[in-house]
Amino acid sequence: MYGWIWRHLPGNAWTRAFISLVLMLAVVYLLFQYVFPWAEPLLPFNDVTVDNGMAAVR
């Protein structure tokens, strides 16, 4: 997949590297702005199972 993207980008290696960096930053931005906030309520990270009752008896 990355080879296909690299072959289809215009310009020389430096231009392709810059465009690849911009594309990568755009994907990270979209993930943090839209995908992660949408998925956060669906994930069980806030389901704490710590018991405040009796301590372990020895």
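Guide: Happy to! Helices here are DSSP runs of H or I with at least four residues, strands are runs of E with at least two, and both are numbered from the N terminus. You are looking at a predicted model, in which local features need pLDDT of at least 70 and side-chain atom pairs count only at pLDDT 80 or more, while totals for chains, interfaces and linings use all residues. Residues are numbered from 1 along each chain as its sequence is written, and side-chain values use heavy atoms, with hydrogens and water left out.

Let's begin with residues 17-36. This span is 100% helix and 0% strand, and its end C-alpha atoms lie 27 Å apart. An unreviewed UniProt entry gives residues 17-36 the feature "transmembrane region"; such annotations may be inferred rather than shown by experiment.

Now for the largest pocket, which holds about 170 Å³ of space. A pocket is an open set of points on a 1 Å grid where a 1.4 Å probe fits, with protein on both sides within 12 Å along at least five of seven lines. Its volume is the space filled by probe spheres set on the points. Lining residues have an atom within 4 Å of a point. Here they are Tyr2, Ile5, Trp6, Ser20, Leu23, Met24, Val27 and Val28. Two elements each give two or more residues to this lining: helix 1 (2-8) and helix 2 (13-39). Helix 2 supplies the largest share, with 5 residues.

What kinds of residue line the largest pocket? There are 7 nonpolar residues, 1 polar residue and no charged ones. In this count, Ala, Val, Leu, Ile, Met, Phe, Trp, Tyr, Cys and Pro are nonpolar, Asp, Glu, Lys and Arg are charged, and the others are polar. Ser20, one of the lining residues, is therefore polar by this rule.

Stay with Ser20 for a moment. Ser20 sits in helix 2, and counts as partly exposed because its relative accessibility is 26% (buried is under 20%, exposed over 50%, partly exposed in between, with a 1.4 Å probe and protein chains only). Setting aside neighbours within four places in sequence, Ser20 is in contact with Trp6 and Leu9, where contact means heavy atoms within 4.5 Å. Trp6 also belongs to the pocket lining. Although Ser20 and Trp6 are 14 residues apart along the chain, 7.9 Å separates their C-alpha atoms.
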